[in-house]
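Subject: the model you asked for

Hi,

Here is the structure, pasted in below. My notes on what turned up follow it.

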Amino acid sequence: MRALGYIYLVAIFAFIFLPVIVLVLFSFQAGRLPVPPFDGPSLKWYAEVLNDRGLMEALRNSLFVALVSSSIALMLGFLAAQGLARVRLPGSVVMRGLLIAPMTVSYLIIALGLLSLFNGLGFRPSLWATGIGHVVINLPLCFAILFAAMGDHQKNAERAARDLGASELQVVALVTAPMLKPALLAAFFLSITFSWDEFIIAFLLTRFDVTLPVEIWSMLRSGLSPATNAIGSLVFLVSIVILIILELTVFRKSKS
Amino acid sequence: MSSIERSERRTAFAFVAPALLWTLAFFLVPFGAMVLLSLAHLEGREIVQAYDLGNYIKIFTDPSLLKGIFVSLEITMTVTVISVLLAWPLAWIIATQVPARYQRLAIMLAVLPFWTSYVVRSYAWALVLGQNGVLMQWLIGIGLLDAPIQIMATRAATIIGFVHFFVMLLTLTIYANLIQLSPNYARAAADLGASGWQTLRLVILPLTLPGIMTGAFLTFVLCIGDYITPQILGGNNELSMPQLIMLQLGRRGDFPMASALSVVLMALVTLAYAATARWLKMDRV
């Protein structure tokens, strides 16, 4: 039984890792096509993508949209969770439902809705429009994570601080935020990941300044190339490094 | 109600208001605008509001549009079923057969490809499945095939790409469910004379229904609304709903029809939610 289990484990891990291995391996291809036989290793495609103006511009745009939209989503989500966790408001179930609702709607529909609204108002597609869309998809996530992390324990500490004369701002900055640090960081980095990787909203709501996934998409149109492997592998590497740093700092500490 | 309570409530509401306003302005209002637009028509290059159901009637009578609904539903159902069947054993093996201190590592490895970009992941599958790709060369190399067979630009390629992604997602939700189960369930079943297989099928499996259903619902929502995977891997031989929506937007500029198709897509997701709602525990994942 145990042996059978391990065989299954190996087989399914092979399936899960196959595209990643192919992606990374053929980013070191020397020839023009990322298909066997492998004739590398060569770093020329990495040099090419790092010198590609459009690609690096898109990378900066993506970073900008991800940071701004995640910060706004985190702030709005934090305030909402703080408000709803504190007292029982009339209609709090409806409010919670409304805040969570965008999570169950396809990104394509959110994008199309925003496109109809912006067209109607005469707003041009831009990185800002994309950022607005990314706040819409990340706000429910931030709210849900932070709302789940708020407990009586923290409510009591806040009440104590207030009784001792702390202002509302001091309570939030000196008591609530430090107590919720792991949840805040988790929500923030998840939001950054989702925004950074999001395609359809960015595709429909940007025109001249595009984000990285949109730029990669247009690279695909010109056919298979090890350059696409190289930029894909670089993005993967950066994500893994961030993940390891988070795992070793934030989450290790929060467990102990 | 005391005045302190009232001021507490006012403060709390002031905290919630910005998020509510944002959701209202950039989610509910746009959605309303889209529904309104779905009742209009494209005449020449102009969009004319008609407040009728013409687009919806067309979706259900025009074979090329109606087919999109079935293509999307078939792909999504197939993907959901295959992904659950592959992910459950994986989650179970990690939760019960892998030593406790390696479990976190095993789960992190099982979802590692999540951290590649979504567009790039579909592209990587195109490399694997192509005519000259790794898979065909390997199958020919070991003598299983004489010549490459066509997988790219077929439904099979779309399904493989999707299953890869959703096996990772479902493994997470099912694993999260499995490790919350007390070992006493299995012990009690064994004490009462159940065999290992009976325990698994009659006790453990039903207890993981919330994890399965939560993952399956997420799979359904994400799969049926995805444009990238069918476009890159499936090609243009048969079009899923998101591909049809993008086609209306792009080449035809038919914004009202794209909106109507989106409303239908949304209705399908709502139906899936209604069907799985009693098992869903979204807050646990």
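Let me start with a definition: I call something a salt bridge when a side-chain nitrogen of Lys or Arg sits within 4 Å of a carboxyl oxygen of Asp or Glu. With that rule, Glu158(A), Arg162(A) and Glu168(A) are linked in a network of salt bridges.

Before the rest, some housekeeping. This is a predicted model, in which local features need pLDDT of at least 70 and side-chain atom pairs count only at pLDDT 80 or more, while totals for chains, interfaces and linings use all residues. Residues are numbered from 1 along each chain as its sequence is written, chains are lettered from A and ligands numbered from 1 in the order in which they are written, and side-chain values use heavy atoms, with hydrogens and water left out.

**Salt bridges**

Over all chains, the count comes to five salt bridges. In chain A, Arg162(A) pairs with Glu158(A), and the closest N and O atoms are 3.7 Å apart. Both residues belong to helix 7 (residues 152-163) of chain A, four residues apart, about one turn of the helix. Helices here are DSSP runs (H or I, at least four residues), as are strands (E, at least two), numbered from the N terminus. As a reminder, an α-helix has 3.6 residues a turn, so residues three or four places apart point the same way.

For accessibility I use buried for under 20% relative accessible area, exposed for over 50%, and partly exposed in between (1.4 Å probe, protein chains only). Glu158(A) is buried because its relative accessibility is 2%, whereas Arg162(A) is partly exposed at 22%.

Over in chain B, Arg155(B) takes part in two of these pairings. Its side chain meets that of Glu74(B) in a salt bridge (2.7 Å, N to O). That pair links distant parts of the chain, with Arg155(B) in helix 7 (residues 155-178) of chain B and Glu74(B) in helix 3 of chain B, 81 residues apart. Glu238(B) also forms a salt bridge with Arg155(B) (2.7 Å, N to O). Here too distant parts of the chain are linked: Glu238(B) is in the loop between helix 11 (228-234) and helix 12 (241-252) of chain B, 83 residues from Arg155(B). Arg155(B) counts as partly exposed, since its relative accessibility is 27%, and Glu74(B) is partly exposed at 38%.

**Where the chains meet**

How many salt bridges are there between chain B and chain A? The count is zero. Taking contact as heavy atoms within 4.5 Å, 77 residues of chain B are in contact with 81 residues of chain A. The two chains bury about 7100 Å² between them, 82% of it on carbon and sulfur atoms; buried area is the accessible area (1.4 Å probe) that two parts lose on being put together, summed over both.

Seven residue pairs are in polar contact across the interface (both at pLDDT 80 or more). A polar contact is a pair of N or O atoms within 3.5 Å; within protein, one must be able to donate a hydrogen and the other to accept it, and residues adjacent in sequence count only if both atoms are side-chain atoms.

On the side of chain B that touches chain A, helix 1 (residues 3-38) of chain B gives the most, with 22 residues. That side divides into 61 nonpolar, 13 polar and three charged residues. For those classes, Ala, Val, Leu, Ile, Met, Phe, Trp, Tyr, Cys and Pro count as nonpolar, Asp, Glu, Lys and Arg as charged, and the others, Gly among them, as polar.

Thr23(B) is found in helix 1 of chain B and is buried, with a relative accessible area of 2%. Leaving out residues up to four places away in sequence, Thr23(B) touches Leu98(A), Leu99(A), Pro102(A), Leu139(A) and Leu28(B).

**Elsewhere in chain B**

Leu65(B) lies in helix 3 (residues 63-96) of chain B and counts as buried at 5% relative accessibility. The C-alpha atoms of Leu65(B) and Ile245(B) are separated by 9.8 Å, though these residues are 180 apart along the chain.

Helix 10 of chain B is mostly covered, with 13 of its 16 residues buried.

**Chain A overall**

The secondary structure of chain A comes to 12 helices and zero strands. Buried residues make up 51% of its 256 residues.

Cheers
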